[in-house]
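Okay, everyone, thanks for coming. Let me put the structure up, and then I'll walk you through the sheet and a few of the aromatic rings.

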Amino acid sequence: ANGVGQLPAWLQAWMDGMRVCKTVIKSPQTLLSKIARVKAKQDLHIVADFDMTMTKFHVDGGRGKSSHRLVEDSSMMKPEYREKSKALFNHYYPIEISDAPLETKIASMVEWWTKAHELMKDEGFTRHHLQDAVRSPGIALREGAPELMRLAHDRGVPFHIFSAGLYDVIHAYINHLGLGNLNAHVVSNMMVFDETTGALVGFKGSLIHTFNKNGTALHGSPGWSTIENRKSVLLLGDSLSDVNMSAGLENDTVITIGFLNDRIEERKTAFADTFDVVLLDDAPMDFVLELMDHLV
């Protein structure tokens, strides 16, 4: 056993040396005490954001695409759709990242998502567009993400991908990469298609946006039975509000990992205060894989 104040060799290695420049761990002792509280792999589950957490922020010299953006850039969608969609982004995204009061931001996000979804419907998105959308360049899983999904599957640790994006696009993308057999449950905005024509006719269930993504949305989801009695969560996200993904679940222990992909210097302190571990500048999943090895 480690004495008080002494870190295990693997964690010390992350604190020292070259790796530390991409990793910020404000309180290694807090992290260590949480790791010690995870009783067994039967107790653990993973909740991960998708866009810019499971996927990379930088792809081919540009910003990686979100699941919404894959639809926007699909070659099967008309240029007018792209223009209208970009106009919504240019109007609402500055509000999302602003210092406006939370109520204002929530109202704006509901407006944005509702308009974006209506627009997809009005502009004729169909089930057949999905395969085209996920073959678009400009999206890639973060290095180590497939290995993390595989490790969780092999060790019987339930994996929820929890996203304010598009359920059907995320599913199609995971299947496109050949990872569909790893039992990752996706909780996101689910499309409803016309049985006959395949046209998008609406969305199912409550709207999930950036600021209401919390554990209550996991209640009653298809994978709920796999996690309802598990009390330890490994949570992965790329925005400060992602720490709320486990709120509403009855957890004893939540280990939080934040991916700080851009505006690093100005946000580093806030991230280090919020997450147990912060991985900087589109870092790979190496730390998470090593941590998982020690948890399960």
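**The sheet and its aromatics**

So, β6, residues 185-193, pairs with β7 in the antiparallel sense, over 4 bridges. Look for Phe-193 there: it stands opposite Leu-200 in β7. And keep in mind that this is a predicted model.

Now the helices. Helix α8, residues 167-176, lies across β5 (159-166) and β6, and it runs at about 115° to β6. Then there's helix α11, residues 286-295, which also packs on the sheet. Helix α11 touches β2 (44-48), β8 (232-237), β9 (253-260) and β10 (277-280), and its direction makes about 165° with that of β9.

Let's zoom out for a second. What's the strand order in the open sheet? Going across its 8 strands, you get β1-β10-β9-β8-β2-β5-β6-β7, and the pairing is mixed. At the edges sit β1 (23-24) and β7 (200-204), each pairing on one side only.

Okay, aromatics. The count is 8 aromatic pairs. One of them is Trp-10 with Phe-287, a tilted pair, 6.0 Å centre to centre with 45° between the planes. That one links distant parts of the chain: Trp-10 sits in helix α1 (residues 9-15) and Phe-287 in helix α11, 277 residues apart.

Are those two buried or exposed? Trp-10 counts as buried because its relative accessibility is 13%, under the 20% cut-off. Phe-287 is at 1%, so it counts as buried too.

How values were computed. Residues are numbered from 1 along each chain as its sequence is written. This is a predicted model: local features need pLDDT of at least 70, side-chain atom pairs count only at pLDDT 80 or more; totals for chains, interfaces and linings use all residues. Side-chain values use heavy atoms; hydrogens and water are left out. Two strands pair if DSSP finds at least two bridges between them. Helices (H or I, at least four residues) and strands (E, at least two) are DSSP runs, numbered from the N terminus. Contact means heavy atoms within 4.5 Å. Axes are lines fitted to C-alpha atoms, for helices over the stretch in contact, and angles run from 0 to 180 degrees between N-to-C directions. Rings of Phe, Tyr and Trp (its six-membered ring) pair if their centres lie within 6.5 Å; planes under 30 degrees apart count as stacked, over 60 as edge-to-face and the rest as tilted. Buried means under 20% relative accessible area, exposed over 50%, partly exposed in between (1.4 Å probe, protein chains only).
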